[in-house]
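Here are my notes on this model, as numbered points. Please read them beside the coordinates.

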Amino acid sequence: MARFYVADPVMDRGEIVVSGPEAHHMQRVLRLKRGDRVEIFDGTGRQYQGLIARQDRRSVRVKILEIRGAGGEVPFRVVMGQSLIKGDKMDSVIQKASELGVSELVPFVSSRSIPRLDRDRREVRMGRWRKIAIESSKQSGRPIPLRVEDVVDFHEALRRHARGAVRIILWERARKGLRSFFKEKEDPLPVHDTAYFLVGPEGGFSEQEVAEAEEAHFVAVRLGPRIMRVETAGLALLSILQYEWGDWG
């Protein structure tokens, strides 16, 4: 069943009116017709299943048959801080992070970040990243899209989610391995708690940045003996967190 994102949907006599890009996608791309079954999600957790009732050149009216609550979300909150990286790698990271259940992504600039976006370019990138997050949510069946925050500096990234969060900074030179990190935790992560982790740029974090993160109660952790690419490291940790604390396995 095709899924579509409609923020703040208005119900009119049991129908939702879909317009703009999503209506265009329904009619011009997927060629959906009257009677076809679709699902609409509004980003708050509510999901509407229904049938296409009427359509014109600019809009589609969907008759709602069922309204469901949130399902398919990770049972704990995962926040990923990702230093800006080159080219379209950030696009891929956001797409995969969404599929793996990240609730929020905090893009930040660290000392070795190569992209230095001016205000105009930053706004363009932010719009693109948020669109990717919504499209990924449609594909993966998530009722609440990954939230992409505005770009901040490293010090601001350290201050995010300071209370009640398990905080990890990935560093290839860390003394502690991920297996040791999990063994040292007496209890599994309680439901509804937050795991917040930081991933550096292509050149990694500096020793000073790691020291500042540790002062902010982050634990420096290495993934293993091999050095991974930026776009691999964060997704590897996400998969492990899902297995240990999430809804895998």
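**Notes on the predicted model**

1. The largest pocket holds about 410 Å³ of space. A pocket here is an open set of points on a 1 Å grid over the protein atoms alone, where a 1.4 Å probe fits, with protein on both sides within 12 Å along at least five of seven lines. Its volume is the space filled by probe spheres set on the points, which are joined across faces, edges and corners.

2. This is a predicted model: local features need pLDDT of at least 70, side-chain atom pairs count only at pLDDT 80 or more, and totals for chains, interfaces and linings use all residues. Residues are numbered from 1 along each chain as its sequence is written, and side-chain values use heavy atoms, with hydrogens and water left out.

3. Which residues lie nearest the centre of the largest pocket? They are Glu-172, Ile-227, Met-228, Arg-229 and Ala-233, out of 23 lining residues (lining means an atom within 4 Å of a point). The lining divides into 12 nonpolar, 4 polar and 7 charged residues. Nonpolar covers Ala, Val, Leu, Ile, Met, Phe, Trp, Tyr, Cys and Pro; charged covers Asp, Glu, Lys and Arg; the others, Gly among them, are polar. Helix α7 (residues 230-245) gives the most to this lining, with 3 residues.

4. The chain has 7 helices and 13 strands. These are DSSP runs numbered from the N terminus: H or I of at least four residues for helices, E of at least two for strands. The C-alpha trace spans about 60 × 45 × 30 Å along its principal axes. Of the 249 residues, 47% count as buried (under 20% relative accessible area; exposed is over 50%, partly exposed in between; 1.4 Å probe, protein chains only). Among contacts (heavy atoms within 4.5 Å) between residues at least 6 apart in sequence, 74% join residues at least 24 apart.

5. The largest nonpolar core has 39 residues; Met-80, Ile-94, Phe-197 and Leu-238 touch the most other members. A core is a set of buried Ala, Val, Leu, Ile, Met, Phe, Trp, Tyr and Cys residues joined through side-chain atoms within 4.5 Å. Helix α7 gives the most to this core, with 7 residues.

6. Helix α3 passes a length check. Its 22 residues should span 32 Å at 1.5 Å a residue, and the end C-alpha atoms are 31 Å apart, which agrees (expected span is 1.5 Å times one less than the number of residues). Buried residues of α3 include Met-126, Trp-129, Ile-132 and Ala-133. The buried residues pack against β1 (2-5), α1 (20-29), β4 (37-41), α2, β8 and β9 (147-148). Just after α3, Gly-141 takes a positive phi of about 85 degrees.

7. Is Ser-59 buried or exposed? Ser-59 counts as buried, because its relative accessibility is 15%. It is found in strand β6 (residues 59-68). Beyond neighbours within four places in sequence, Ser-59 is in contact with Val-17, Val-18, Ser-19, Ala-23 and Gln-27.

8. Arg-13, in the loop between β2 (11-12) and β3 (15-19), has a positive phi near 55 degrees. Arg-13 is exposed, at 69% relative accessible area. Arg-31, in the loop between α1 and β4, has a positive phi of about 60 degrees. Arg-31 is also exposed, at 55%.
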